[in-house]
Amino acid sequence: MIWCTPSPRCEGALVTEHDWTPLQQAPGKIIAVHLSYASRAAQRGRVPAAPSYFLKPASSFAPSGTPVERPEGTELLAFEGEIALVIGSQARNIDRGEAWSYVAWVTAANDWGLYDLRSNDKGSNLRNKGRDGYTPLGPALIDARTVEPAALRVRSWRNGELVQEDTSEKLIFPFAQLLADLSQHLTLEPGDVILTGTPAGSSVALPGDVIEVEVDAPTAEGTPSTGRLVSPVTEGHGTFDPALGSLPTVNDTQREEAWGSREAAGLPPEEEPFQIGEELRAKLLEAPVAGLSQQLRKRGYLDVFIDGVHPATPGTKLVGVAKTLRFVPHREDLFRSHGGGYNAQKRAFDAVEPGEVIVIEARGERGTGTLGDILALRAIARGAAGVVTDGGVRDYATVAAMDLPVFSQGPHPSVLGRRHVPWDVDVTIACGGATVQPGDVIVGDDDGVIVIPPALVAEVVDAALHQEAEDAWIAAKVQAGEKVDGLFPLNAEWRARFDAEQGGTRP
């Protein structure tokens, strides 16, 4: 790209929409900010404490008008209109107060991303944002000396409709901070491009759509503008080879983030996740699994036991809400594509919330470990209520000594690649012969682990505790010499005596 001549700072040059020629050489570096606008942070529900970055390959650059391809078989190609800064002179360990003087030009950018390829490159964004043509820039440059850094505006249009609009005044991290921060870690060279993040309104584009982005300075003299950066969206052809690497995959979370909201993605409103309050938790900690099992059986639930699992430490009580992780049987090509990197197993342990139990589908295969001491430590750090797996556990003695309830088939020293491929999280699974859905209530003790549908848990635990009180009363009567006949189970006469002594009736 020939951004400007003759000097690195382009003194005396003013590139306009009319005399800026098509780019002939790509930038040396393209650095993008993950999250930088307050409006985008509010949309995502998180505000970063400090800026974070990723690199885009120079080969992703394209001039205005270049078609952007959505690969065949994918659905979540998202546009992100951004203000791009073009470095004019070498910057290393610069001060915030002088940072803007190292910027030669301002232009428009569209930081395209394919969310279908996002999960296995978490953080780096290489495959989903590094494809050819996924960083269009232009069409004109604004001389940075003629504008105030906090007075720039970025707007995006989809098929002529305005969908993004914000100003650099609303940045969480001002341009000067981004530039100074980057320069303390690496040298910024003339021609390098900094993509400064996108505001709210980023969404999905479909083949046939045309996305336009413009950056201007509405309060500056002459209202300098880049003109509209145009990106027609086309449908690609060809498929991905599963033997080479990760395949496109999407879920509703990715759809929501790509489109900008559940409503825009055509998804139903998200139900509030079930939470176990303190009063209910106290009851579940008191109620034995055997008693809960009995009450579920009375209500027709016969297949709610996670069979074959035992606590690593006898006497352990487990109460929490299920977060699910699924392993599939080992296959060499699938392990190459899904076993390494930021795989489903790591994502589950990184995302578990306080009070959740990670429930792992390992198909009853105890011939390999499904977690070890490092992941157990991560679960503790995240506040997990425990882990249940119908497979094995590595570093068994170390894990058993931790303050984390773990129920499993027992110890095994092997790693996943022997029998399993980590496949998916937050889906309905089968663990120890029981179906487990995210949000189900999990209770475990020395008798085993049981799965309770959230809608039944309050009713079942009250009934189980009442039954415990009744059984304790019966046991006391038997110890006092009463005959079992009519007392166990209670006949009408004994029932009346029990109710009278307890001062209430059954739930």
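## A five-strand sheet

An open sheet of 5 strands runs in the order β4-β15-β14-β10-β11, and its pairing is mixed. Strands β4 (68–70) and β11 sit at the edges, each pairing on one side only. On average, neighbouring strands of this sheet are turned by 20° against each other, with direction ignored. The model is predicted.

Within the sheet, take the pair β14 and β15. Strand β14 covers residues 210–216 and strand β15 covers residues 229–235. They pair in the antiparallel sense, over 4 bridges. V213 stands opposite L229 in β15. Strands of a sheet pair through backbone hydrogen bonds, either parallel or antiparallel.

## Salt bridges at the sheet

Side chains of opposite charge can pair when their charged atoms come close. The structure has 27 salt bridges, counted with a cut-off of 4 Å between nitrogen and oxygen.

Which residue does R70 meet in a salt bridge? The partner is E235, at 2.9 Å from N to O. R70 belongs to strand β4 and E235 to strand β15, so this pair ties together parts that are 165 residues apart in sequence. R70 is buried, because its relative accessible area of 12% falls under 20%. E235 is partly exposed, at 34%.

A further salt bridge joins R228 and E212, with their closest N and O atoms 3.4 Å apart. R228 is in the loop between β14 and β15, while E212 is in strand β14; the two are 16 residues apart. R228 is partly exposed at 34% relative accessible area. E212 counts as buried, at 17% relative accessibility.

## A helix pair and a network

Helix α5 (residues 278–286) holds both K283 and E279. Their side chains meet in a salt bridge of 3.9 Å, N to O. The two residues are 4 apart, about one turn of the helix. Is E279 buried or exposed? E279 is exposed, with a relative accessible area of 61%. K283 counts as partly exposed, at 23% relative accessibility.

## Backbone: cis peptides and positive phi

Where are the cis peptide bonds? One joins G138 and P139, with omega about 0°. P139 is part of strand β9 (residues 135–143). Another joins F488 and P489, again with omega about 0°. P489 is found in the loop between α11 (457–479) and α12 (492–502).

N159 has phi near 50°. This residue lies in the loop between β10 (153–158) and β11 (161–167). N159 counts as partly exposed, at 48% relative accessibility. D395 likewise has phi near 50°. Its place is the loop between β21 (392–393) and α10 (396–400). D395 is partly exposed, with a relative accessible area of 31%.

## A nonpolar surface patch

Which residues make the nonpolar surface patch? I374, L377 and I380 do, and the patch is about 270 Å². I374 is found in helix α9 (residues 373–381). With a relative accessible area of 59%, I374 is exposed, because the cut-off is over 50%.

Methods. Residues are numbered from 1 along each chain as its sequence is written. This is a predicted model: local features need pLDDT of at least 70, side-chain atom pairs count only at pLDDT 80 or more; totals for chains, interfaces and linings use all residues. Side-chain values use heavy atoms; hydrogens and water are left out. Patches are made of residues with over 30% relative accessible area and no salt bridge: like charges are joined within 9 Å, nonpolar side chains (Val, Leu, Ile, Met, Phe, Trp, Tyr) within 5 Å. Accessible areas come from the Shrake-Rupley method with a 1.4 Å probe; for residues, only the protein chains shown count as cover. Buried means under 20% relative accessible area, exposed over 50%, partly exposed in between (1.4 Å probe, protein chains only). Two strands pair if DSSP finds at least two bridges between them. Axes are lines fitted to C-alpha atoms, for helices over the stretch in contact, and angles run from 0 to 180 degrees between N-to-C directions.
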